[in-house]
Amino acid sequence: MNNVIDGLTPEPLWRYFAELSAIPRGSKHEEKASAYVAGVATRLGLESQTDACGNVVVRKTAATGCEGAPGIVIQGHLDMVCEKNDGTVHDFDRDPIVLRRQGNAIAATGTTLGADDGIGVAIGLALMENCPVAHGPLEFLFTVDEETGLTGANNLGAGFLQSRILINLDSEEEGVLCVGCAGGMDTRGVVPVAFEPLPADHRLFLLKTSGLRGGHSGLDIHRGRGNAIKLLNRALRDLAAGGARLIAIEGGNKRNAIPREASAIIALPETSIGKVEQKVKNCAALYKAEFAVTDPGIELTLEKLQSGKKSVIRQAHAAALMNLLSVMPHGVVAMNGAIPGLVETSANLARVSTTEDALVVETSQRSMVESEKADIVATVCAAFGLIGASVSHGDGYSAWRPDLTSPILKTAQAVYRRKFGKDPVVKAIHAGLECGIIGDKFLGMDMLSMGPTLEMVHSPAERVPIDSVERVWEFLVAVIETVGKGKID
Ligand SMILES: [Zn+2]
């Protein structure tokens with residue numbers, strides 16, 4: 001395998017990346033990777049600490065003359081997403097990732113590469129071995145389970161880090177400095193419903209919305225795509241006014257995805273079937289026209305069902321459910337004032353399902369600002385409260401509010417301009433990052449997230465361009481040197 005990385009620079013960085021790639025480290029199975037980085041620290045004579053969940057911190061004292069400089073935490077996550085191509089034989093609990101050279105890039109062979117965030121980890125390890133410039137005290141933080149629960153960041157103990165500057169290496173676009181992320185909360189409501197016998201002259205139908213684009217509930221929420229549940233409910237309300245009765249409703253998939261499909265079992269009086277069919281056609285045409293640009297594949301269909309359902313939801317309850325789905329917030333609530341195009345606060349009506357005696361509605365809320373997150377969560381709770389639903393929440397995670405006056409940002413911007421002769425892009429993302437949680441735990445932490453370009457992350461086509469890694473290394477080292485020499489803004 002070593003000939004894949006032969007000749008690549010900086011040599012230690014690629015050597016560590018290759019060694020790490022040989023260690024299975026799917027999310028929640030990072031024990032060997034934690035032991036590996038702690039082992040590297042021991043071999044290099046550096047002090048390290050591993051906590052109960054597997055996070056590791058390694059400390060490197062300042063270079064001579066830089067003892068008074070502010071400390072920096074260099075952070076990456078140890079776990080990786082495990083995806084493989086159909087037909088690839090690979091056991092992610094045991095087999096090493098098989099690296100390949102593809103021109104200017106490194107890829108895996110039929111599996112995810114794990115450069116997200118193995119490259120960040122390798123940069124940290126290489127700096128542990130040799131930071132080639134004047135530097136203040138450095139801490140290297142390696143977290144576990146970023147991908148499936150942010151568990152490592154969530155379990156960091158209060159005294160684990162001493163420095164108050166943190167550079168996270170989990171961003172995937174060279175030339176972009178990320179300075180903020182959204183906090184999030186899941187909110188679930190359970191609405192009791194009662195049934196009554198299906199009227200004799202009624203026939204069963206399935207009303208369905210499908211063909212929508214969906215997408216990530218944070219990163220895609222501003223794209224104006226349809227919500228399959230909202231659009232289904234809009235048609236349902238219309239049909240209910242014409243005598244349709246509701247039996248069950250299902251829609252959505254993951255809480256962090258915009259729902260692409262939803263369906264309702266309804267009962268129609270025989271005499272109204274023709275009229276309803278026409279209404280559905282009209283409504284479908286309306287949706288097509290409304291979403292012609294943002295979600296053109298959208299379909300609304302009505303199909304006859306044979307099944308033997310014997311009861312319908314009581315009319316008053318069905319009306320209340322439809323009202324609930326109508327007022328439930330979905331989409332962009334506010335845009336950020338400082339960073340153009342950045343969504344500040346949003347909500348996703350993610351999933352609905354009907355049980356024997358209840359309707360379950362699952363939603364998620366996000367904001368770049370904690371107080372606004374609390375407010376949109378309260379708004380969703382208020383909607384549930386209108387019809388007496390019982391409400392529960394997930395654990396939630398904190399926002400990292402963009403601060404364009406951050407000293408580490410200003411330093412990094414100045415270094416970037418000096419090295420590359422242009423301005424870096426300053427961005428924040430409307431999704432969760434470990435920085436949100438870390439900033440909440442370590443008050444006053446001045447943070448920045450960056451990294452080399454990674455292509456097709458979380459898929460077997462994942463690749464990392466070699467030259468991007470080299471440039472990001474040089475840039476990071478220059479930032480460390482600037483801070484080490486006390487030249488921070
Ligand atoms: Zn990552």
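1. How are α2 and α4 oriented to each other, parallel or oblique? In this predicted model, the axes of helix α2 (residues 11-21) and helix α4 (residues 115-129) come within 8 Å and cross at roughly 125 degrees. Angles from 65 to 115 degrees would count as roughly perpendicular and those over 145 as roughly antiparallel, and α2 and α4 are therefore oblique to each other. The crossing of these two helices, α2 and α4, is right-handed.

2. On the α2 side, the contact is formed by P12, L13, Y16, F17, L20 and S21, while α4 contributes G118, I119, V121, A122, I123, L125, A126 and E129. Sorted by class, the residues of this contact between α2 and α4 comprise 11 nonpolar, 2 polar and 1 charged.

3. Turning to the division of the protein chain, domain 1 takes in 2-182 + 400-484, and domain 2 covers 184-393. The centres of domain 1 and domain 2, taken over C-alpha atoms, are separated by 40 Å. The contact between them draws 10 residues from domain 1 and 14 residues from domain 2, and the side of domain 1 that touches domain 2 consists of 6 nonpolar, 3 polar and 1 charged residues.

4. G184 counts as buried because it has 27 C-beta neighbours inside 10 Å. Leaving aside residues up to four places away in sequence, G184 touches S364, Q365, R366, G396, Y397 and G432. From C-alpha to C-alpha, G184 and H430 are 9.5 Å apart in space, although 246 residues apart in sequence.

Technical notes. Residues numbered from 1 in each chain as written. Predicted model: local features only at pLDDT ≥ 70, side-chain atom pairs only at ≥ 80, totals over all residues. Axes fitted to C-alpha atoms, helices over the stretch in contact; angles between N-to-C directions. Helix = DSSP H or I, 4+ residues; strand = E, 2+ residues; numbered from the N terminus. Parallel < 35°, antiparallel > 145°, perpendicular 65-115°, else oblique. Left-handed = near helix turned anticlockwise from the far one by under 90°. Contact = placed C-beta atoms within 7 Å. Nonpolar A, V, L, I, M, F, W, Y, C, P; charged D, E, K, R; others polar. Domains from an automatic or database assignment. Buried ≥ 20, exposed ≤ 12 C-beta atoms within 10 Å, placed from the backbone.
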